[in-house]
Every structure is written in structure tokens, then in C-alpha cells.
Amino acid sequence: MSSDEDARWLEWVTKQFENIAGEDKEIDLDEFKTALKVKESFFAERFFSLFDSDRSGSISLDELLKALNLLIHGTEADRLRFLFQVYDVDGSGSIDPDELKTVLKSCLQESAISLPEEKLEDLTLVLFESADKDNSGSITFEELKAELENFPEVMENLTISAANWLKPPEVEQKKHQTHRYLTRAYWQNNSRKLLFLCLYSLLNLLLFVGAVLYHRYGGGWFMLAKGCGQCLNFNCTFVMVLMLRRCLTWVRTTWVVRVLPLDQNILLHQIVGYAILFFTVVHTAAHVVNFAWMSASSEFSLWEYLLTTRPGVGWVKGTASLTGVILQLLIFLMVICSSTFVRRSGHFEVFYWTHLSYIWVWILLIIHCANFWKWFVVPGLVFLLEKIVGIAVSRMGGLHIVEVNLLPSKVTHLVIRRPQFFQFKPGDYIYINIPKIAKYEWHPFTISSAPEQSDTLWLHVRSMGQWTNRLYEYFRQPESPELLTTSLRRRRQQEKKDDMFSSSDSNRAVATNEDDSITLTLFHQNSSESGADPASESEPQATLKPPPDEPGSADRGETPSLREIPAKSGENHRVCNIKCYVDGPYGTPTRQIFASEHAVLIGAGIGITPFASILQSIMYRYRMRKHLCPSCNYSWCENIKDSDMKLRKVDFIWINRDQKSFEWFVSLLTQLELDQADEEPEGRFLEMHMYMTSALSKNDMKAIGLQMALDLLAKKEKKDSITGLRTRTQPGRPRWEKVFQKLSEENKGKVHVFYCGAPSLAKAIKAQCENFGFNFYKENF
């Protein structure tokens, strides 16, 4: 560190110390805990004890500077000695098993990891046995140092992350850097979008200039109003074209997807929406100024021009001004209520209902402008046809939610009986309407099951707004008449009692299987035949899903009077038969995955849902390519490129904040790992990378012991202690530059990165993709 940097660091620490210490110029234990923002007091007390060198019960500025100088500027041996003293609670010069267990327990609490007491014992034992080289029953400083040498990545930057408040902010070095939007990588990765925006802007310019020249007789303000009006004719129609989901899904299967940015139709829809707002404001302002000029030499006042039909402005009984004012208000309302703040803050319904104003906007535009209908008629008919087809498809098949699982972090897993005619691609999404929750509301969700799963559809719904919260709370109530959990539990208990007396009876209506589940035979009733209305068709029925290994009679083209259902009873599991309607499926950017050679799937939190479907489908196709030698049981997978799947390698990255979120899809991921139990000659086809952001990084002094123990236990047990997977869960956030550098070095073909999750993270990942020349796709709907 240079003298200038050292002086700046000293000044910063002194300033921070004065802010915390107050008038007495000393930091006591409570102030120290507050400053460090630690979750567990153990580490705060240990750090405080080591910083307080004179044992006065408070830390002076000199003591703080001395300790920080050792941690920030000291040698590796200095930092290791400090770490050893933290673990040596009684100051005996060695670490015994009880001290190590206490430290690891505090490490777990700091990293927000919850493990049973038995697992804590295993972690303590495996780390202690590995470090205690001489089997003396204690760990010395030299033994701890030798153990840490087995983890070189930990020693790269051993720090106390909670003490970052004592580090001065980085000085921004002013050096010439090309702006991101001017780099060659940005233009290459966004070529389709940029070409489209250029053509879109050029078309608007041509329409504006043409209208201005055509109306040059009316003066400047009149020309400006007419120019913006012509652009509005085009944009108010084009904004609808960008939301023709069924047409866009079909176009995605053609060569057009390589020319036009169809995967960014939502972004383009938003851009056109803002363009409409801009042209509307300018159009209205120009007309107001023009009316002001006209009122000066006319019998009508400005307000009569604006708010009455007396001047006769417009082709439908002089209503152009009135409809224009209403249109202005409606467009403002739609733009404001469609902002990210409204949609992401739990008020999706506000966006949903205000956006339905587009119907009134189009009606008013036809009345307002004499030529708008010419622009609108063809796209409008296509839009109407899409809606009719959507309504027809959604009302066919009599879909029912047959099973519900309530998962951690208020995620509702819906299992819907899949009709035979329903075909979709991995990563597609649908709109669902559940009359029991809201009769007229439709909400989009990604299908999380694979197309190869023929009997059911899966949806995973995170509770983030009013409708999703109502859905979760509805299924939380066991007394709901549509939920069969209670009766199933009673039936199961009775059958278990009967089993004790008649274990040889194999032809039972209810039989306990290996998965601790039951199969129940019920009579089939069809409420729709009795003329029940759609909202009341969710009464308990027996039309539930057949066992996966034994297709129901409906699949054989018969009309059954009986139907068997597998069901597990439990607090968070519900078997039901609730009517729902589905509109879709609709395509997404993830359809491009199977055309990629090296696909990188990044899911943040519940953003895993499209990739759950994709991973299942990928592994299904992978198994189709897998071969097994009958004589030696050696298995291998042919590396064949075909029209269906060109993939050579898939990397799946899942980032979660907490431990419980991994429970959403841990059974699926476990199965995917089992499918790849045998190592392939060219390496694994699918590699998984798990990150838990609440866990402290490996080089943090409050987590280093825990992460070492987790690594050692994972190697011993062949599974991760946090998720139970073979893949080790990494603490903290991914270092994207290192991750992408490794991916680029694998040379498995062109890398395509697919992301679903928070928009803020998308920006960081997209920037790195541009640096490495990777194609980036963001899931949107």
C-alpha cells in the first residue's frame, strides 16, 4: 500500500471510529456489535476481546488501528494467528472439540444455515479428525495452518466481511473506457434489436414527414399535430401486434426468429408504449396551441374547442376534442400503472385491470380519427381471432387442479391434469384462471414440468401479489370442501390398522406403497353434465390423476366409472379437484436452448421454473442417447448432433438467498444427478452449480471453519449437507467473470446464456456476456 493510500485509510478509520465511539472516544461491546452487524454475538465478543488488548472493556482508536492494521495490512501468518485466537476460546493455545463445535454452531447461525444437531456433530468430527494430525485430542496453530493449506482459495483474501465499514471506499481511477453501448461486443450481441429499432425509428420519421408535408397548408402547429397523429395511427396498432402471443409463438418456429428480435417483444412493446405517450403529449399540446390561435379570430373560445362539440372538430359529430382528452387520460393511466414499481410491488391487479383500458382506447381512436380504422382493421381482426381461439381453447378439456404442494417461501406447486390435446415446448408459459380465487383474472406462469410428462402439468407460483397470496392462503385452509386431505388421512389410518390383521390381502381399494403413499378408488362424477356453472364446478369429484405407472382408462379412449389416484397426506400436501382454465401455451426465448451447443441456464430464486421443465426434457433426450453394454454394464452417451438437440454441454446455475428455497426442486435435481451417475468420456453433459447468497464466503473469518468442514463432509458422504445433492452448494454470490472465463475455456461450442430472475442481476450477467461474446437471453412475459 502506498503512503497516499495508507494516509487515506487512516483518515477513513478515524472518521468511522469517531462516528461510533461518541463523546467518550471509546467503543464498548454493544457499540461494537452494532457496528459489525453480526447475527451471532459469539464472533462479536471474540473479535472485541482480541481488539481490546489492554482488557479495559472498551476499544480505543489506537487498539482498533493496531488490530485492523494486522488484518488488512498484515501477513498471511498474522491473519492466521488471529483466526486461531478466535477459535481458541479459552486461550489455552490449542482448540479442543467443544471449542470447535461452538465455533461451527456460530458459523451456521452467521450464514443462516439450519442443520440438525447430528449434522453439527458430524461437521465437528470430520474437521477435527482432519486437522488433528497427531491425534493428540487438540488442534495446535501449526496443525490449523497445515489444514488451511489444503484450501488455497480460502487464503487468497482472508478478511472479516462485517468489518467492511472500516475499509475506505475505492477511489475511482479516471481512465479512458469505451462506453458499453459503443463497444463492438454490444453491437454484435444486440444486432437484431438495434436493426429493428433503427427501422422502427426510420418508419416513424417517414410517417411524420409525410403527414407534415401533406398538411403544410395549416400552419406549423397544425402540421406538428398531424405528424404526431400519423405516428400514433401506426404505433397504437403496432403495440397490439407485439402482443399477438399465439402468432409470435408460431413465428418463433420459422427463420424469422433469426432476423427479428421476437424474444424481446415485451421490451419492444414497452418502448412503443412510451413512444405513444410521447406522441400523444406532443399531439395534444400542438392542438391546444393551434386552438388558442384559432380562438383569437373565431366565435368559439379555447375551452369550447377543447371540451365541447360545438366547433364541430372531428368526423363523428365534432367529438375529436372530447375523445382526445379522454384518450390522453387513459394513456397516462395505462403507462403509470404498467410501471415496474406497480407490477413488482404486489399490485399486479392494478396493472392488469388498467391495461384492459386498451379496448376503450381503440374504440375512442376510431371515433377520434377518421383514418385510424384503416390501420386497425387487419391487426384488429387477427387480435380478435387470437382472443376467440384463446377463449375456446381455455374452455376445452375441463382442466382441474388435482394436487397442491405448499413449499417454503410461500411457493404453491400446482399439479393440473393435462388434456391429451395440450402440446407445449420446454420453457413455455400459460395464462391460468382459477374461478375459486378470482373469477375474471388471468395470470401468466411458466410450466415447470417437461412435455414428456404426459399426464399432468406443473406450475410453481411464488406469493408476491394479491392473487398469488390468495392462492396460497386458500390451499393453506384444510377445511376447504374441495380439499380431500383430511378424509384421505383418515382412510389411510384405517387401512394401516386393517393391514395389521390382513397383510396378505393384495386386492385392496387403498394400499400403502413404498413411498408411504396411498391409492384410493373413487366414483367418477361429472358436474358439468348437471349444468353447473364454471365457478361452481370445483366441488369434490373423483376425476383425479391416474398413477404414473398405470395409465387411467381415459388414456385408452374409454369412459370410466372408476378412477384411481395416488395421494400423499401431509400438512403441506393437498389432493383436490378444483376447476381451472388455461390459455396457451406461449413460446419464450428458452426455445432456442436446443439449438445451442453450450447452454448456460441461470435461475435466481423462483426463476428456476422454466429451467425445471427444460432440464427434465434435456435429460429425457439425453437418456434416449445413452447406451449400456450388456456384458460389463458400462454406460456411455453418444455425442450426436441432430435437428432436435444440438447440445453438447449444459451448465445449470441456481442462486438462492436461503437454504429452504432449494427444497422447491431438490428431488428433481437429485434425479438428474442419478441419471448422470456414470462419468462420461468427455465429462458430464449436465453440470450443476448451486449458490446460497446468505451464506458468508469461504474467506470470511466467521465462515472459514464451517466451509472447510462442509467440504470435508461432502467428500466423505458424497453429498452436500445443505441440499443433499452431490453438487456442493457454494456460499455467497457467483463471481461472474471467473464463472464465464471457465465456461469459455471448455470449448464446447458457442455459449448461449439463458437467464430468469431479478432484472438487476440480469444487467450484470448481460454485461459479462458481452465481454465474453456470449449470446444472452432473458426470460420475459
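A: A residue is called buried when its relative accessible area is under 20%, exposed when the value is over 50%, and partly exposed in between. In this predicted model, K649 has a relative accessibility of 2% and therefore counts as buried. Its salt-bridge partner is E687, with the closest N and O atoms 3.6 Å apart. This pair links distant parts of the chain, since K649 belongs to strand β13 (residues 649–656) and E687 to strand β14 (residues 686–692), 38 residues apart. E687, at 25% relative accessibility, counts as partly exposed, whereas K649 is buried.

Another salt bridge connects the side chains of R728 and D720, at 3.8 Å from N to O, and here both R728 and D720 are buried.

A further pair is K101 and E121, whose closest N and O atoms are 2.6 Å apart in their salt bridge. This pair, too, links distant parts of the chain, with K101 in helix α6 (residues 97–110) and E121 in helix α7 (residues 117–131), 20 residues apart. K101 is partly exposed, with a relative accessible area of 23%, and E121 is also partly exposed, with a value of 38%.

The count for the model comes to 13 salt bridges, among them K649 with E687, R728 with D720 and K101 with E121.

How values were computed:
Residues numbered from 1 in each chain as written. Predicted model: local features only at pLDDT ≥ 70, side-chain atom pairs only at ≥ 80, totals over all residues. Heavy atoms only, no water. Salt bridge = Lys/Arg side-chain N within 4 Å of Asp/Glu carboxyl O. Helix = DSSP H or I, 4+ residues; strand = E, 2+ residues; numbered from the N terminus. Buried < 20%, exposed > 50% of the residue type's maximum accessible area, 1.4 Å probe, protein only.
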